[in-house]
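My notebook is open, and I'm going through this one piece by piece.

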Amino acid sequence: DAVVPGLSDMSARLTLTRALTTARTFTRTTASSKPTVQRTPLVARVALRSTTTSVTSSSSSRKMSTAATADATVAATEPRWDLEKHFGFASTNDGKIDEAMTDVEKACEAFKSAYEGKLSSELLSAIESYEAIEQTLTTVLSYMSLSADTRLMDDAMQQRKAALMQQYGQASGNYLTWFGLELADLSDADLDAQYAKDEKLRTYKPYIDEVRRSAPYNLSKEVERALTVRSSFAGKGKVVEFYGNELSRLQFDLDGKKVNLEVLLAKMTSSKDTMVRRQCMKTLNNGLKEFERVCALSLNMVAGSWHIENKERGFKNLRSSRNLSNNLPDEVVDSLLSAVATTGVDYCKKYYTLKKQILKSTQGLETFTWADRNASIDIGSADDNYTWEQAVDLVHKGYNKFSPTMANMFLEFVEQKRIDVPAQDGKRGGAYCSSAYGSGPFQLLNFTHSARDVATLAHESGHAVHFVLSYPQGILQFHPPLTLAE
């Protein structure tokens with residue numbers, strides 16, 4: 001059902017957290033959301049379940065307090081990305097941003113005037129004009145979105161971003177939405193005739209095919225325009241953004257100190273002490289109680305909107321829309337889900353049985369609790385703690401064994417300040433790599449010095465390399481579907 005009337009237990013909180021963070025993770029390539037491949041915040045991968053175990057370990061608490069102080073000091077010196085250098089704006093209030101948006105609005109209006117109703121004979125010229133508009137929008141809106149993601153507590157910054165997104169929504173709805181609809185409805189005969197006439201048009205065939213796959217599910221021009229114009233004020237996208245921002249703002253009282261979600265979850269998963277893990281989970285569960293109403297409202301709105309829109313557009317099932325954007329048949333995903341629900345269950349049992357044995361051997365764990373489910377496994381290192389410099393060195397060496405070219409590209413990302421490293425308050429949770437075509441790529445991390453964070457750096461940098469190598473395909477065709485990217 002689309003409605004979740006009450007969320008009184010932790011399993012319900014997990015369900016909505018998974019649903020909402022998944023919705024945010026599967027961001028497609030649009031100027032409004034910026035092209036990104038996002039990693040699900042750790043909270044979506046850690047099942048939250050109440051525990052009846054009471055943890056009162058004073059030694060563990062002292063260790064956590066000391067570590068938190070040290071982490072805050074280190075985070076203040078870790079690298080931040082230099083967006084102004086790469087995007088060419090002095091700040092988010094630079095007048096050049098407003099000038100660019102004004103110019104692109106005029107270009108959008110001229111685009112509609114020049115090409116609406118004429119794609120049967122002027123498709124190549126229309127695509128090239130549309131491509132130029134997308135480039136300007138991507139530059140401005142990627143810069144604003146990336147800037148806002150590290151300044152969630154800055155109301156002026158969020159208002160500035162919202163105003164520009166509203167301006168984009170109006171221009172897109174009024175002057176751009178028609179283009180995808182007409183391209184999707186273009187007859188095969190008219191399209192083939194233009195392919196035969198101009199070989200250059202064939203270089204855009206993957207983009208054209210992608211747009212045309214949506215034809216059976218498109219609504220009328222009037223309805224699509226109305227949905228786009230309102231997108232900055234309503235719809236599931238804004239709710240998911242609100243939920244993500246609120247999740248990143250959460251603070252938890254850990255041994256008398258306020259820490260954010262990323263720091264708390266990192267401590268819970270990386271600690272080799274089961275008592276510390278249990279205390280972190282207890283703190284997490286208690287802190288999330290205050291978040292229940294936001295979660296319930298967000299899930300209701302997202303699930304309800306998704307259900308209604310899928311029904312109106314005529315999609316076969318709940319996942320069909322997502323599968324279409326990933327160019328996957330429903331049957332492929334259904335097969336995967338079936339395997340997870342059958343064969344996967346046995347693998348899962350074997351995995352946790354083995355993990356329990358390893359934790360008993362390496363950490364002396366006697367009782368395997370829910371808090372131990374995502375505990376780190378010792379792999380020869382007594383301390384799961386890596387400096388940023390060590391993380392960079394490990395990733396560089398790993399890449400170099402596979403491809404020296406890839407390794408060199410990774411070092412360029414680091415040296416050019418394309419990675420925002422520290423886990424700090426007021427910063428979006430999780431990790432992602434933004435393609436930011438024409439200026440990118442850029443990575444947002446929440447680095448807490450664990451082995452998992454080193455792996456995340458390697459993962460997101462892999463996306464960055466992929467983006468750079470695919471840029472020559474052009475802004476309309478470089479971004480892979482999620483399934484290929486991951």
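This is a predicted model: local features need pLDDT of at least 70, side-chain atom pairs count only at pLDDT 80 or more; totals for chains, interfaces and linings use all residues.

**Two helices**

I looked up the contact between α8 and α9 first: Asp188, Leu191 and Tyr195 in α8 meet Lys205, Ile208 and Arg212 in α9. Contact here means heavy atoms within 4.5 Å. The residues of this contact divide into three nonpolar, no polar and three charged.

Residues are numbered from 1 along each chain as its sequence is written, and side-chain values use heavy atoms, with hydrogens and water left out.

How do α8 and α9 pack? Helix α8 spans residues 188-197 and helix α9 residues 205-212, and they pack at an angle of about 175° with their axes 13 Å apart. That makes α8 roughly antiparallel to α9. The cut-offs for the angle are under 35 degrees for roughly parallel, over 145 for roughly antiparallel, 65 to 115 for roughly perpendicular, and oblique for the rest. The axes are lines fitted to C-alpha atoms, for helices over the stretch in contact, and angles run from 0 to 180 degrees between N-to-C directions.

**The chain as a whole**

I counted elements next: the protein chain has 21 helices and six strands. These are DSSP runs, numbered from the N terminus: helices are H or I with at least four residues, strands E with at least two.

**Rings**

How many aromatic pairs turn up in the whole structure? The search finds 20. Rings of Phe, Tyr and Trp (its six-membered ring) pair if their centres lie within 6.5 Å; planes under 30 degrees apart are stacked, over 60 edge-to-face, the rest tilted.

I checked Trp178 and Phe179: their ring centres are 5.7 Å apart and their planes at 75°, so the pair is edge-to-face. Trp178 is buried at 4% relative accessibility, and Phe179 is buried at 1%.

Phe467 and Phe478 are also edge-to-face, 6.2 Å centre to centre with 70° between the planes. Phe467 lies in helix α20 (residues 451-470) and Phe478 in the loop between α20 and α21 (482-485), so this pair ties together parts eleven residues apart in sequence. Both Phe467 and Phe478 are buried.

I also found one aromatic cluster made of Trp81, Phe87, Phe89, Tyr143 and Phe442. Arg418 lies over the face of Phe442, at 5.1 Å from the ring centre. Arg373 lies over the face of Trp370, at 5.1 Å from the ring centre. A charge sits over a ring if NZ of Lys or CZ of Arg is within 6 Å of the ring centre and within 35 degrees of the ring normal.

**Two serines**

Is Ser320 buried or exposed? Ser320 is buried, at 7% relative accessibility. It sits in helix α15 (residues 320-325). Leaving aside neighbours within four places in sequence, Ser320 is in contact with Phe315 and Asp330.

Ser271 lies in the loop between α12 (261-270) and α13 (274-288), and is buried with a relative accessible area of 11%. With the neighbours within four places again left aside, Ser271 is in contact with Val276 and Arg277.

Terms used. Buried means under 20% relative accessible area, exposed over 50%, partly exposed in between (1.4 Å probe, protein chains only). Ala, Val, Leu, Ile, Met, Phe, Trp, Tyr, Cys and Pro count as nonpolar, Asp, Glu, Lys and Arg as charged, and the others, Gly among them, as polar.
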